[in-house]
Amino acid sequence: MREVSTKRIIAEVRDSVIRANYELGEEVVQAFKDALGYEESPVARDILGQLMENATIAKEERIPICQDTGVAVVFVELGQEVSIVGGDFKSALEEGIRQGYEDGFLRKSVCHPFTRQNTGDNTPIIVHVDVVPGDKLKIWVVPKGGGSENMSQLFMLPPSAGWAGIREKVVETVEDAGPNPCPPTIVGVGIGGNFEQSALMAKKALLRPLGTKNQDPELAKMEEELLIEINKTGIGPQGLGGRVTSLAVHILMMPCHIASLPLAVNIQCHATRHLEVVL
Amino acid sequence: MDEIFHLETPLSVEDIAPLKSGDRVTISGVLYTARDAAHHRLLKLIEAGKELPIPIKDQIIYYVGPSPAPPGRVIGAAGPTTSYRMDPYTPSLLKLGLRGMIGKGKRSKEVKEAMVKYKAIYMAAIGGAGALMARAIKEVRVLAYEDLGPEAIRELKVERLPVIVVNDIQGNDLYLEGQKQYQIA
Ligand code: SF4
């Protein structure tokens, strides 16, 4: 067994959540640049330029890209030969997030569903753990804002809906969302599985770095087709009209029950923040 | 469309009358921040006929819940939040003479009608450009509801805050017209 201490986990999670919020990924900035190549609306071109400027300011001045520093979602791949020492694993993840939000001056945005009383330290966090072969511990820290999460949807379609039905629902979700999720967006799509699995896949699909192709050629083709359809809506950056409504569509798919066709659409705003650490 | 204007607060009806949806505007002066929880409290005061903690007539409300200010700064990131959550409260404020609102996302039919009726505009700031917006904010003072944390009402002194006019006083809506212009059937 390889030992990993909770002390190290806390420190890494703390640093990652701060960095994820201050530094927009290079691949996202590149996607803005690429988008300028085909965006025609002058207002939209202005916006894309300002988003790049925003990323530079945030990084240089060490402040968040966006004030909604989100609910902290943490994806974990825990190698089965890893032994976690020095305390409880989930508490360590939570402590890392707690420290990161405090020390990094990140906005705490978690509250009681009815009283709306803020919990004060951005916990609880949302954790998904997969146990995998090997002796590595991989952690993705993914703070997710409310604006884009609120526009996400899940559909339990009849199997007869097929690909045409899926295409229609994905485009409809993006249309209904309009300007609210801060386009240009990245659209995570989970197809198959069951109710909760489709939602999880839609979110997990967003972990794939922007600008990389889906390994599965069939899914890659579906992604391209969906992106073209979405960008025909004309919603554009910030919903003010333009060619670039979404920068990419990412799909994960798995088999499902003979009676179902689950579909989940998780919208990610341009402030796409995720950082991966391997311990 | 597409001209660049400059506004100084407070705003008169004459100041905003020439603005058209799609115009790019920079704003200097004082803005007041409020989100849903603060709006809820303001409305309670209006209903009870009590005095409000901020002036409304001819002012601009910016829908923002900034991130905390690190040492040496007046504010953290300060981009707009989604405006529809304020829709149920907005017509009452427009009736009191609120002249402008800054946020992101579409407004309800009731809010759009009230904007035409009481002569006010709605402007979009770039959602997710919190660091860029913070650069235009020079001074910050908490005026009310400190217990709401990021949702407290703040007074912001701004210099050349960049926004885009979405709804003008003629009833145009850039969210509808902009999308239509670039839609491919
Ligand atoms: S949707 Fe994203 S970019 Fe827009 S305000 Fe929320 S977190 Fe920020």
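This is a predicted model: local features need pLDDT of at least 70, side-chain atom pairs count only at pLDDT 80 or more; totals for chains, interfaces and linings use all residues.

**A loop residue and its wider setting**

A: The backbone at Tyr145(B) has a positive phi of about 60°, although the residue is not a glycine. Most residues other than glycine have a negative phi, and most peptide bonds are trans. Is Tyr145(B) buried or exposed? Its relative accessible area is 15%, which is under the 20% limit, so Tyr145(B) counts as buried.

Chain B has another residue of this kind, for Asp58(B), which is likewise not a glycine, takes a positive phi near 65°. Asp58(B) belongs to the loop between helix 2 (36–47) and strand 3 of chain B. Strand 3 (residues 60–62) of chain B pairs with strand 4 of chain B in the parallel sense, over 3 bridges, and within this pairing Ile61(B) is placed opposite Met101(B) of strand 4. Strand 4 (residues 100–103) of chain B is covered on both of its faces, with Gly100(B) and Ile102(B) buried on one side and Met101(B) and Gly103(B) buried on the other.

In chain B, Thr9(B) and Pro10(B) are joined by a cis peptide bond with omega of about -10°, and Pro10(B) falls in the loop that runs between strand 1 (4–8) and helix 1 (13–16) of chain B. In chain A, the bond from Thr123(A) to Pro124(A) is cis, with omega near 0°, and Pro124(A) is found in the loop between helix 4 (89–103) and strand 4 of chain A.

That strand 4 (residues 126–132) of chain A runs parallel to strand 2 of chain A, to which it is joined by 7 bridges, and Val131(A) in strand 4 is the bridge partner of Leu78(A). Strand 2 of chain A is also joined to strand 5 (residues 137–144) of chain A, this time in an antiparallel arrangement with 8 bridges, where Val76(A) stands opposite Ile139(A) of strand 5. Strand 2 (residues 71–79) of chain A has 7 of its 9 residues buried, and it is therefore largely enclosed by the rest of the structure.

It remains to see how the two chains meet. The contact draws on 40 residues from chain A and 42 residues from chain B, and between them the chains bury about 3400 Å², of which 59% lies on carbon and sulfur atoms. On the chain A side, Gln67(A), Phe105(A) and Leu240(A) supply 19% of the area that chain A buries against chain B, which is more than any other three residues provide. There are 3 salt bridges between chain A and chain B, one of which is formed by the side chains of Glu61(A) and Arg135(B) at 3.0 Å from N to O. Polar contacts join 18 residue pairs between chain A and chain B, counting pairs with both residues at pLDDT 80 or more. Helix 3 (residues 42–61) of chain A gives the most to the side of chain A that touches chain B, contributing 11 residues. Sorted by class, this side of chain A holds 17 nonpolar, 14 polar and 9 charged residues.

Note on methods
Residues are numbered from 1 along each chain as its sequence is written. Chains are lettered from A and ligands numbered from 1 in the order in which they are written. Side-chain values use heavy atoms; hydrogens and water are left out. Contact means heavy atoms within 4.5 Å. Buried area is the accessible area (1.4 Å probe) that two parts lose on being put together, summed over both. A salt bridge is a side-chain nitrogen of Lys or Arg within 4 Å of a carboxyl oxygen of Asp or Glu. A polar contact is a pair of N or O atoms within 3.5 Å; within protein, one must be able to donate a hydrogen and the other to accept it, and residues adjacent in sequence count only if both atoms are side-chain atoms. Helices (H or I, at least four residues) and strands (E, at least two) are DSSP runs, numbered from the N terminus. Ala, Val, Leu, Ile, Met, Phe, Trp, Tyr, Cys and Pro count as nonpolar, Asp, Glu, Lys and Arg as charged, and the others, Gly among them, as polar. Buried means under 20% relative accessible area, exposed over 50%, partly exposed in between (1.4 Å probe, protein chains only). Two strands pair if DSSP finds at least two bridges between them.
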